[in-house]
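These are my notebook entries on a structure that I looked through entry by entry. I began with the relation between the copies and then turned to helices, rings and single residues.

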Number of protein chains: 2
Amino acid sequence: MPEPLFDRVALIGIGLIGSSIAHAVRRGGLARHIAVQTRREETLAEAHGLGLGDSYTTDPAEAVAGADLVILCVPVGACEGIAQAIAPALKPGAVVSDVGSVKTSVVRQMQPHLPESVHFVPGHPVAGTEHSGPAAGFAELFDNRWCILTPPAGTDPDAVGRLSAFWTACGANVEIMAPEHHDMVLAITSHVPHLIAYNIVGTAAHLEEVTSSEVMKFSAGGFRDFTRIAASDPTMWRDVFLHNKEAVLEMLGRFTEDLTALQRAIRFGDGDTLFDLFTKTRAIRRGIIEAGQETAAPDFGRSPHARAQEPGE
Amino acid sequence: MPEPLFDRVALIGIGLIGSSIAHAVRRGGLARHIAVQTRREETLAEAHGLGLGDSYTTDPAEAVAGADLVILCVPVGACEGIAQAIAPALKPGAVVSDVGSVKTSVVRQMQPHLPESVHFVPGHPVAGTEHSGPAAGFAELFDNRWCILTPPAGTDPDAVGRLSAFWTACGANVEIMAPEHHDMVLAITSHVPHLIAYNIVGTAAHLEEVTSSEVMKFSAGGFRDFTRIAASDPTMWRDVFLHNKEAVLEMLGRFTEDLTALQRAIRFGDGDTLFDLFTKTRAIRRGIIEAGQETAAPDFGRSPHARAQEPGE
């Protein structure tokens, strides 16, 4: 067994991501002690029942006391309050990080409150499922996924290196990026896709011509894939849109502009424009499969046979 | 072994759907002879190599000669030409059907050309994957999916009953619907979802701020699920949009209206509107799982662990 990377890790928040980190830390022997904190007593009891940590508290300051690595695993909107609460209790030299899907806002919220004596290295593991809560986590969630770190200028390279080694040990590949660029990349690869998935599910639920029961019955034609995304945690996603407003509105503007052009092509029967786009999009799909971020299995079918074809399962 | 439902089945077109029907017919012993037709010699040779039929031809009239059931498995835009080509060769009493994702247009294209002596029962199995071609098919594609039949008024109930029994034997549940209603239901559950998936993949591919390589690397945050849909067959989908123009434009108008409201909520920081929608959409997801049209497994993770949790695999 190699030496653990950190003596004591504090997880502030124990939902899907927090609990998956706990499992990954256990799997890799990455810390001697996991301190679990969450606000609600019931959630804490659930985490305790699942054996996710070594100590449990609803008090964030108590959880971070003596911790070498503190990771906030909470909705983006909760970061400032937690930074204020934990600041006086942080151990000098500790690495303080988070897992939020927005980075400029997290820096803005947390940095002013953190003492000079700690290393603040914001992070974002680009992984998730549509399930929430402490029971949703699993150790493999980060395997072969990317974790983006956005250390502010002047951050101690050794602290960045240790956090990077931690995520690598959790199974992830690590990329360093400026927070502003991160927020633009995620706006198009994650935030706008979620917004339009939520939106079409909402549209479908409020039609006069088509009943909700029909929408559900005939969802295998494509709609059901959107509902998976649109079942993600509401609080987390509300905060993402409120805290990455500029990049989301910018990317949404591009999306709408392109959609208007497609709408015109349909209205005027311009099949060539449609065919050209539908052909080009296949190349992006192939690139994602080659980048190891997706499997080539025909998951639309969701059949035992289709699944059996999938390589590497 | 029960008596086959049809003596001779002719499949006009042998892509994903045609080849899946061939497999399902074999699995269930649903016909004594499968006649396979497709336009291109290479595709026909591929179908032959896969052993999908009992006879092979590029001539649709030759394929339908003597067939008791004829199913067009071609892009919607090809239906009229095929109806003209097969009309003189159709066996009196034969059931003539199709699998197109649009129904009013198929009725308009085919009905005028078909002789009075055959039974025209348009159909649409709501199932598919992102893969195309004769090698993409598998027998289980239709299992527990819906097949919608849209027989014109006055169609022989016995012919509808026989086609319904055929699809049931292929594993599907059958629903009867008016073609106009079908096209509205599919516009929201399938056509608009595909259009916005194609659209966002196109948008992401043409940004200055974010490279395609970044889009692919960080696609696990939601984007990759859209690329799966956006990898579907370009010809088939071009035809769907050209032939279901009115219903698609109507539903797209609704989608855009709702998206504009969400955009305003983001711009003005209206978190309650976002949270309310994101909460309601979860109920639709649960309904789809309860309706057996989706699994509850956390497929976002695409991990062996996540897959292992899936019931009924």
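Entry 1, symmetry. For superposition I used least squares on the C-alpha atoms of residues with pLDDT of at least 70 in both copies. I noted that this is a predicted model, in which local features need pLDDT of at least 70 and side-chain atom pairs count only at pLDDT 80 or more, while totals for chains, interfaces and linings use all residues. Residues are numbered from 1 along each chain as its sequence is written, chains are lettered from A and ligands numbered from 1 in the order in which they are written, and side-chain values use heavy atoms, with hydrogens and water left out.

I found that chain A is superposed on chain B by a rotation of 180° with 0.0 Å of shift along its axis, at an RMSD of 0.0 Å. The two copies are thus related as by a two-fold rotation axis. I then asked which residue of chain A comes closest to the rotation axis. It is Asp225(A), whose C-alpha lies at 3.5 Å. Both copies use the same surface, since 100% of the contact residues of chain A recur in chain B; contact means heavy atoms within 4.5 Å.

Helices (H or I, at least four residues) and strands (E, at least two) are DSSP runs, numbered from the N terminus. Axes are lines fitted to C-alpha atoms, for helices over the stretch in contact, with angles from 0 to 180 degrees between N-to-C directions. I looked up helix 12 (residues 271-290) of chain A and helix 10 (residues 234-243) of chain B, whose axes come within 9 Å and cross at roughly 140°. On the side of helix 12 of chain A I listed Gly271(A), Leu274(A), Phe275(A), Phe278(A), Thr279(A) and Arg282(A), which meet Pro234(B), Thr235(B), Trp237(B), Arg238(B), Phe241(B) and Leu242(B) of helix 10 of chain B. Sorted by class, this contact has 7 nonpolar, 3 polar and 2 charged residues. In this sorting Ala, Val, Leu, Ile, Met, Phe, Trp, Tyr, Cys and Pro count as nonpolar, Asp, Glu, Lys and Arg as charged, and the others, Gly among them, as polar.

Rings of Phe, Tyr and Trp (its six-membered ring) pair if their centres lie within 6.5 Å; planes under 30 degrees apart are stacked, over 60 edge-to-face and the rest tilted. My search of the whole structure gave 15 aromatic pairs over all chains. Phe142(A) and Trp167(A) form an edge-to-face pair, because their ring centres are 5.1 Å apart and their planes stand at 85°. Phe142(A) sits in the loop between strand 7 (123-125) and strand 8 (146-149) of chain A, and Trp167(A), 25 residues apart from it, in helix 6 (residues 157-169) of chain A. Both Phe142(A) and Trp167(A) are buried, where buried means under 20% relative accessible area, exposed over 50% and partly exposed in between (1.4 Å probe, protein chains only).

I next took Tyr198(A) and Phe278(B), a stacked pair with ring centres 3.9 Å apart and planes at 20°. This pair crosses between chains, from helix 7 (residues 179-205) of chain A to helix 12 (residues 271-290) of chain B. Tyr198(A) is buried at 0% relative accessibility, and Phe278(B) is buried at 0% as well. I also recorded one aromatic cluster, formed by Phe6(A), Phe142(A), Phe166(A) and Trp167(A).

Is Ile196(A) buried or exposed? It is buried, with a relative accessible area of 0%, and belongs to helix 7 of chain A. Leaving out residues up to four places away in sequence, Ile196(A) touches Phe255(A), Ile196(B), Ile200(B), Phe226(B), Phe255(B) and Leu259(B).

Asp183(B) lies in helix 7 (residues 179-205) of chain B and is buried at 2% relative accessible area. Its C-alpha is separated by 5.8 Å from that of Val102(B), 81 residues apart along the chain. Beyond its neighbours within four places in sequence, the contacts of Asp183(B) include Lys103(B), Thr104(B) and Asn244(B).

Last, I checked backbone angles. Asn144(A), in the loop between strand 7 and strand 8 of chain A, has a positive phi near 60° although it is not a glycine. In chain B, Asn144(B) has a positive phi of about 65°. Asn144(A) is partly exposed at 39% relative accessibility, and Asn144(B) is likewise partly exposed at 39%.
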